[in-house]
Amino acid sequence: MTENRRFPNPSDIETPPGAEGWERMYPYYYKFDDGSNKERFEYENKALWFYDGLHYPEPHYPFDLFWDECWFIALSQYNSRIFMMPPALGIDHRILNGYVYITPLGVSDPEKIEKRIEIFKKRAGYYYKNWDTLVKQWEEKMEGIIDDLENLEFPDLPEMEDESVVFEAKGISSGYLLLKEYQKLIDLGILAWQYHFEFLNLGYAAYLTFVDFCMKAFPGISMQVVARMVSGLDVILYRPDEELRKLAKLAIKLDLQDLFKGTVETDAILAEMEKTENGKKWLEEFEKAKHPWFYLSTGTGWYHTDKAWIDDLGIPLASIKGYIEMLEKGENIDRPLDQIREDRERIANEYRELLENEEDKRTFDELLGLAKVVFPYVENHLFYVEHWFHTVFWQKVRELAQIIARFGVIEGPEDIWFLTRFEVEQVLWDIVTSWATGTKPRGAIDWPPGIEERKKIYQKLKEWNPPPALGTPPDVITEPFTIMLWGITTERMKEWLETAATGEGEVTDEVRGFPGSPGIVEGPARVARNVEEIDQIQEGEILVAPTTSPSWAPAFTKIKAAVTDVGGIMCHAAIVCREYGLPAVVGTGHATKQIKTGDIIKVDGNNGVVKIIKRD
Amino acid sequence: MVKYVLWFDETGKDAVNLVGGKVASLGELINAGFPIPPGFAVTSEAYKEFVRYNNLSETIGKMLAPLKDNMDDYILLEETSFRIRNLIESADMPKGVEEAISSAYHELEEETGVDNLRVAVRSSATAEDMDDASFAGQHDSYLNVKGVNQVINKVKRCWSSLFTPRVLPYRVKHGIKHHEALMGVAVQKMVNPRAAGVMFTLYPTTGRKDVVVIEAVWGLGEGLVSGLCTPDNYAVNKITFDVEEENISSKEMEIVYDKKQGKNIHNEVPKERRNVSCLSREELIELTKIGKKIEKYYSNPQDIEWAIDTDLKFPDNIFILQSRPETVWSRKKKDLPKPEGGVLDIIVSNIVTGKKLE
């Protein structure tokens with residue numbers, strides 16, 4: 001990248017009017033330097049900062065930034081300090097106008113790289129060699145901490161402590177416990193994200209090496225085809241949906257399908273079920289499926305606004321209804337597993353046959369072998385952390401928010417998201433202290449108007465369009481996540497520079513994103529902003545959604561293609577579309593804003609382009 | 001017993017001397033089960049008999065003699081070629097050959113159920129190096145030929161095209177004796193194409209082997225070959241069958257057969273069809289599958305001519321007209337990592353290299 005082709009410096013970006021003071025909503029070390037420190041200012045301007053729209057389509061709620069803080073440490077440490085990824089250090093983070101920007105850091109000294117290579121081979125080698133055993137252990141660890149999280153109890157602060165405190169000589173108060181449980185909550189959150197990256201960097205490195213081999217051996221091969229050779233069949237992200245299919249079949253077998261006629265009223269259906277023997281049998285299975293499979297977020301799990309099935313049983317019930325209808329029409333609702341398995345083997349074998357000599361075939365076999373070993377984790381960890389853990393976590397924070405709201409520091413539980421996790425800790429100290437002393441918390445005076453102010457700022461930030469990148473592009477990128485997740489490539493840079501040149505907000509008939517799943521198809525668009533809207537989808541439509549998650553699975557049996565605002569090559573929509581052989585363009589940024597239901601659109605999943613062909 | 005006519009399915013690669021490279025290849029394809037429009041070959045034996053019957057060899061030898069040391073004399077070359085071609089075309093067809101062609105043509109009419117069947121009459125040279133890409137189109141080829149008399153007439157013209165001004169110097173340069181240059185002629189039912197074009201079983205510009213590239217125009221493939229209009233262009237992955245590239249161009253002209261005039265005409269494509277893909281998704285994929293099979297059959301990348309018939313239904317509407325080895329692309333050595341050091345070494349070197357941003 002040449003010097004003159006660069007993005008604006010962070011310090012060139014202005015605060016949108018009305019959003020002044022946004023910096024106070026986030027930790028101080030997330031701020032770009034304003035020039036007061038020469039060294040930090042220069043470092044920041046010389047780096048390439050790209051907007052992490054993949055995870056964060058919206059500006060950050062102060063509390064939700066917690067996950068960013070967690071992976072800020074976790075991803076980086078595995079590269080830089082634990083596995084000693086030879087040329088790659090961590091990923092640095094900043095916030096600008098509420099949006100997270102990140103930059104990968106590298107090791108430039110060849111001697112240091114040389115030393116790191118030996119250590120990396122020893123350490124990474126251990127994980128690759130023992131992958132399956134270690135992943136099993138990992139799953140147990142994760143289930144353990146999710147258990148701990150579920151067992152957290154935030155004590156209400158009583159007028160008078162129970163006498164057991166005295167007669168059992170406990171020596172501590174509910175106030176202490178409240179503070180302690182909050183610390184535990186935060187601690188578990190950090191821990192989940194420590195585990196999240198235990199395998200991921202290595203998984204990506206192995207997978208990317210296979211991708212690179214294929215790119216060299218079969219120039220022009222698409223990432224999606226490579227993914228199809230590798231992707232797992234027993235990926236647990238499909239499990240929740242499979243449970244729903246099973247429940248739909250069971251409902252028919254037990255002659256309960258009539259309960260699903262008409263609109264889905266969760267309470268009514270569940271109450272009717274209770275009335276019959278067959279209904280009770282079905283409920284039993286329904287209860288069994290809930291844990292853990294309904295801890296599936298309808299979003300990415302990164303925002304507290306992402307609802308999970310367990311939070312609204314109407315979502316899975318509506319899908320079950322959809323499956324019942326398909327079954328009654330005589331349709332097959334099973335995943336074509338044999339077909340997928342056969343295709344995967346066939347594609348890999350036919351590509352292998354294109355190689356010219358035995359030596360290349362051996363390399364191909366070894367790299368494919370390892371990629372297949374690491375890939376299930378790459379897909380499965382999402383369920384454990386982003387879906388299951390996060391869902392329980394949000395529930396727990398809401399429990400805590402009830403207590404804080406009772407003390408008047410926030411006006412309602414949903415206001416807690418406008419405080420940072422550090423501020424929540426202070427608020428709890430404020431509450432516990434005033435409870436202990438018999439006064440009123442100071443926060444009840446300061447925070448309600450403070451939160452009102454923050455809500456206004458947040459709104460302004462939401463209306464602002466973050467530029468895709470800031471600073472100076474480097475010559476080489478070596479950090480595996482940057483390549484695989486965010487797809488930072490020469491082409492992407494060019495696109496961003498062009499976007500920067502043409503300006504935002506122009507109305508065009510073209511939307512660009514990542515090629516998520518190959519194929520080209522034309523058809524009517526159906527914009528669904530959340531999973532509740534998927535029952536409106538008609539056979540043969542093209543789904544346009546902010547993002548999808550496994551709870552959207554029923555939609556994929558009807559649609560012709562998918563387009564999402566958020567996501568990379570490994571996002572849910574891309575993975576499922578590849579499995580079903582549907583084209584997908586993901587990570588477009590704003591397809592749901594630009595495309596309207598009923599537009600005739602053309603989805604080019606090979607090049608990541610969506611064209612609006614006709615609008616009435 | 002000498003055969004003057006052979007059905008396509010009676011030929012194959014061993015019959016090159018008898019029927020020429022083009023027919024031999026069609027025979028191979030038919031016998032391998034590929035959809036080839038039916039037809040027969042007039043063999044080189046028929047040509048030999050024709051030459052013998054009319055005593056042409058000596059006459060032609062005499063006519064060519066003055067050219068021997070004067071190949072650069074273009075006027076002399078043109079004139080000699082003209083005279084020889086005239087001689088051949090006006091010579092009589094021996095009875096036996098005429099009968100063989102006539103009865104084969106009628107049989108073809110019966111087989112297809114069409115009276116006065118329209119056929120293509122194409123040269124199929126026996127000297128292998130005269131049939132390769134660099135020589136393509138040098139011999140005569142006639143479309144929309146109807147009736148025995150016309151067929152016989154065109155067969156003679158194909159034979160005489162052994163003596164065009166382009167071909168003669170080539171033979172001299174390569175030391176091929178004139179009486180050794182033989183010619184088979186293909187007589188093949190005309191497809192009535194809705195669309196036609198070519199297919200390469202690799203990516204011609206990069207040599208990428210996992211895709212086929214298809215070019216298609218409305219009407220006859222001649223519209224593409226002659227550069228009458230820009231074709232639609234597709235790249236289909238031959239392993240996953242994903243359509244990876246699709247460029248639909250504005251196709252303003254097409255070449256179609258005009259019944260009234262009894263010949264091919266240049267036709268303006270109606271507006272509503274211009275920017276529409278010539279091929280449906282299923283046709284694209286079926287073509288790709290056929291291309292893949294042909295390539296596998298020959299164990300070599302192929303350059304294939306195909307057509308989609310207007311009247312027949314998918315998948316019976318797809319026809320292969322010709323397949324030749326793709327000769328342009330030379331294999332490039334790829335710099336792939338070696339397996340010796342194990343996976344870990346490959347991963348390390350891959351990480352260390354990283355991704356270059358240009």
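Of the 358 residues of chain B, 42% count as buried, meaning that 20 or more other C-beta atoms, placed from the backbone, lie within 10 Å of the residue's own. This is a predicted model, where local features need pLDDT of at least 70, side-chain atom pairs count only at pLDDT 80 or more, and totals for chains, interfaces and linings use all residues. Residues are numbered from 1 along each chain as its sequence is written, while chains are lettered from A and ligands numbered from 1 in the order in which they are written.

**Chain B overall**
- Chain B has eleven helices and 14 strands; these are DSSP runs numbered from the N terminus, with helices (H or I) of at least four residues and strands (E) of at least two.
- The C-alpha trace of chain B spans about 75 × 50 × 40 Å along its principal axes.
- Take the contacts in chain B between residues at least 6 apart in sequence, and 67% of them join residues at least 24 apart; a contact here is two C-beta atoms, placed from the backbone, within 7 Å.

**Where chain B meets chain A**
- Chain B puts 32 residues into the contact and chain A puts in 52 residues.
- On the chain B side, strand E9 (243–247), helix H11 (343–353) and strand E14 (355–356) each give two or more residues.
- H11(B) gives the most, with eight residues.
- By class, that side of chain B has 14 nonpolar, five polar and 13 charged residues, where Ala, Val, Leu, Ile, Met, Phe, Trp, Tyr, Cys and Pro count as nonpolar, Asp, Glu, Lys and Arg as charged, and the others, Gly among them, as polar.

**A sheet in chain A**
- Four strands of chain A form an open sheet in the order E2-E3-E1-E4, with antiparallel pairing; strands pair if DSSP finds at least two bridges between them.
- E2 (88–96) and E4 (469–471) of chain A sit at the edges with a single partner strand each, so one side of each has no neighbour in the sheet.
- Two bridges join E1 (residues 48–51) to E3 (residues 99–106) of chain A, and A:Phe50 has A:Ile102 as its bridge partner in E3(A).

**Domains of chain A**
- Chain A splits into domain 1 (1–129 + 414–503), domain 2 (236–328) and domain 3 (509–614), with bounds from an automatic or database domain assignment.
- The centres of domains 2 and 3 of chain A, taken over C-alpha atoms, are 25 Å apart.
- Their contact takes 15 residues from domain 2 and eleven residues from domain 3.
- On the domain 2 side, helices H9 (239–253) and H12 (314–328) of chain A give two or more residues each, and H12(A) gives the most, with five residues.

Conventions: Buried ≥ 20, exposed ≤ 12 C-beta atoms within 10 Å, placed from the backbone.
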